[in-house]
Amino acid sequence: MSPTADLLFRTLADPTRRALFERLCRDGEQTVGVLTAGAGVSQPAVSKHLGVLKRAGLVRDRQAGRQTHYRAELRALDPLDAWAREMKGFWEARIDGLEDLLNRMDQ
């Protein structure tokens, strides 16, 4: 697995970070205050999680006056998509090989 994919998996392994990222994906750009209201954790905790997501490249921020707005960077998921497609191909080939073996054994 690439170091980038590994970082993304580690970052999204935390349920709070994953929930924040999912909200940004579904609802679009949000302020820290809006994200905090639905997160079930404190504003400093949300800010810390957003910092981790930002370092992993999963979110971007922009300042608008005194508020920080965050948005999901969907292209950042490309390494995970590539890994999942690779694993799918690997397992499909293995299962096809097993199916062939079982068919030969039945004959």
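The chain has a radius of gyration of 20 Å, whereas a compact globule of 107 residues would have one near 13 Å; the radius is taken over C-alpha atoms, and the globule rule is 2.2 Å times the number of residues to the power 0.38. This is a predicted model, in which local features need pLDDT of at least 70 and side-chain atom pairs count only at pLDDT 80 or more, while totals for chains, interfaces and linings use all residues. Residues are numbered from 1 along each chain as its sequence is written, and side-chain values use heavy atoms, with hydrogens and water left out.

Along the principal axes, the C-alpha atoms fill a box of roughly 75 × 25 × 20 Å. Five helices and three strands make up the secondary structure, and these follow one another in the pattern α-α-β-α-α-β-β-α. Helices (H or I, at least four residues) and strands (E, at least two) are DSSP runs, numbered from the N terminus.

The surface comes next. Buried residues account for 26% of the 107 residues; buried means under 20% relative accessible area, exposed over 50% and partly exposed in between (1.4 Å probe, protein chains only). The chain carries 17 positive and 15 negative charges, whose mean positions are 11 Å apart. In this count Lys and Arg are positive and Asp and Glu negative, with His and the chain ends not counted; each charge is placed at NZ of Lys, CZ of Arg, CG of Asp or CD of Glu.

Leaving aside residues up to four places away in sequence, Leu50 touches Leu24, Val32, Leu35, Val59 and Tyr70.

Thr11, in helix α1, counts as buried because its relative accessibility is 3%. Beyond residues up to four places away in sequence, Thr11 touches Arg17, Val52, Leu53, Ala56 and Leu58. Thr11 and Gly57 are 46 residues apart in sequence, with their C-alpha atoms 10 Å apart in space.

Thr31 belongs to strand β1 (residues 30–31) and, at 12% relative accessibility, counts as buried. With residues up to four places away in sequence not counted, Thr31 touches Gln67, Thr68 and His69. Gly51 lies in helix α4 and is likewise buried, at 18% relative accessibility. The C-alpha atoms of Gly51 and Asp61, ten residues apart along the chain, are 9.6 Å from each other.

Technical notes
Contact = heavy atoms within 4.5 Å.
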